[in-house]
Amino acid sequence: MALEEDVVNKLIDNNYHISFAESCTGGLCCGSLVNVTNASKVLDVSFTTYANEAKIKFLGVKTDTILKYGVVSEEVAYEMAECVSKTAGSEVGVGITGIAGPGGGTAKKPIGMVCFGFCINGRVSTFTQQFGEIGRNQVRKSSVEFVFSKLKELL
């Protein structure tokens with residue numbers, strides 16, 4: 001939990017709030033943050049938007065972006081991060097979308113591929129990680145570890 005504690009402390013030091021828009025991680029990022037003392041100082045609201053319709057309705061992800069690039073894409077992760085930050089009124093927004101498995105993968109988007117968006121004060125960075133077919137729950141866990149490692153770096 002050291003990574004999560006470091007992130008919470010950096011958020012507090014910067015007087016930032018964070019919000020998550022999670023798909024394949026199903027709320028694990030938010031849950032990991034809440035395990036840390038003082039999480040209430042940096043977290044007001046987050047969303048688990050598993051369905052495409054939820055990403056559109058609650059976050060404002062564009063239908064055209066999903067149709068053009070697919071829901072598992074850096075473009076959608078970008079919009080998830082940007083939109084959740086705006087919707088929640090937080091300085092930091094994180095978007096996560098991917099294919100945890102065991103099914104759903106393709107040659108271009110294999111099982112274990114996860115796309116991430118990080119919006120910090122309106123500036124968005126995106127990343128894609130290929131975790132491989134390591135099992136559904138391990139893909140989700142690896143995604144959470146990536147999120148907190150990247151947040152520590154970006155903050």
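Analyst: Begin with burial. A residue counts as buried under 20% relative accessible area and as exposed over 50%. Keep in mind that this is a predicted model.

User: Which way do the side chains of strand 1 point?

Analyst: General idea first. In a regular strand, side chains alternate between the two faces of the sheet. Now the case here. Ile-18, Phe-20 and Glu-22 point one way from strand 1. Ser-19 and Ala-21 point the other way. All of them are buried.

User: Which strands pair with strand 1?

Analyst: Strand 3, residues 92-98, pairs with strand 1 in the parallel sense over 5 bridges. Strand 2, residues 47-48, is also parallel to strand 1, over 2 bridges. Follow Ala-21 across: Gly-95 stands opposite in strand 3, and Phe-47 is the bridge partner in strand 2. Phe-20 has Val-94 as its bridge partner in strand 3.

User: What unit do strand 1, helix 2 and strand 2 make?

Analyst: They make a right-handed β-α-β unit, with helix 2 spanning residues 28-34. In the loop between strand 1 and helix 2 you find Ser-23.

User: Is Ser-23 buried or exposed?

Analyst: Compare its value with the 20% cut-off. Ser-23 has a relative accessible area of 6%, so it is buried. Its contacts, leaving out residues up to four places away in sequence, are Thr-49, Tyr-50, Lys-55, Met-80, Ile-96 and Thr-97.

User: In what order do the strands form the sheet?

Analyst: The order is 2-1-3-4-5, in an open sheet of 5 strands with mixed pairing. Look next at the edges. Strand 2 and strand 5 (123-130) stand there, each with a single partner strand, so one side of each lacks a neighbour in the sheet.

User: How do strand 4 and strand 5 run?

Analyst: They run antiparallel and are joined by 8 bridges. The two strands form a hairpin with 2 residues between them. Asn-121, in the turn, has a positive phi of about 50°. Ile-120 stands opposite Arg-123 of strand 5.

User: Is Arg-123 buried or exposed?

Analyst: Apply the 50% cut-off. Arg-123 has 65% relative accessibility, so it counts as exposed. Its C-alpha atom is separated by 10.0 Å from that of Gly-93, 30 residues apart along the chain.

User: Which residues touch the most other members of the largest nonpolar core?

Analyst: A core is traced through buried nonpolar residues whose side-chain atoms join up. The largest here has 29 residues. Ile-18, Phe-20, Leu-33, Val-94, Val-147, Phe-148 and Leu-151 touch the most other members. Helix 1 (2-14), strand 1, helix 2, strand 3, strand 4 (113-120) and helix 6 (136-154) each give two or more residues to this core. Helix 6 gives the most, with 6 residues. Apart from this core lies another, of 9 residues, among them Ala-21, Val-61, Ile-66 and Val-84.

User: What does Val-94 contact?

Analyst: Set aside neighbours within four places in sequence. Val-94 is then in contact with residues including Ile-18, Phe-20, Ala-81, Phe-118, Val-147 and Leu-151.

User: How many residues does helix 6 have, and which are buried?

Analyst: Helix 6 has 19 residues. From first C-alpha to last it reaches 27 Å, close to the 27 Å expected. Its buried residues include Val-139, Arg-140, Val-144, Phe-146 and Lys-150. Helix 1, strand 1, helix 2, strand 3, strand 4 and strand 5 are included in what covers the buried residues of helix 6.

User: Which strands does helix 5 lie across?

Analyst: Helix 5, residues 74-88, lies across strand 1, strand 2, strand 3, strand 4 and strand 5. It runs at about 145° to strand 3.

User: Where is Thr-65 found, and what does it touch?

Analyst: Thr-65 is found in helix 4, residues 63-69. At 8% relative accessible area, Thr-65 is buried. Not counting residues up to four places away in sequence, Thr-65 touches Gly-70, Glu-75, Val-76 and Glu-79.

Terms used:
Residues numbered from 1 in each chain as written. Predicted model: local features only at pLDDT ≥ 70, side-chain atom pairs only at ≥ 80, totals over all residues. Heavy atoms only, no water. Buried < 20%, exposed > 50% of the residue type's maximum accessible area, 1.4 Å probe, protein only. Helix = DSSP H or I, 4+ residues; strand = E, 2+ residues; numbered from the N terminus. Pairing = 2+ DSSP bridges. Right-handed = clockwise from strand over helix to strand, strands pointing away. Core = buried A, V, L, I, M, F, W, Y, C linked by side-chain atoms within 4.5 Å. Contact = heavy atoms within 4.5 Å. Axes fitted to C-alpha atoms, helices over the stretch in contact; angles between N-to-C directions. Expected span 1.5 Å × (residues − 1).
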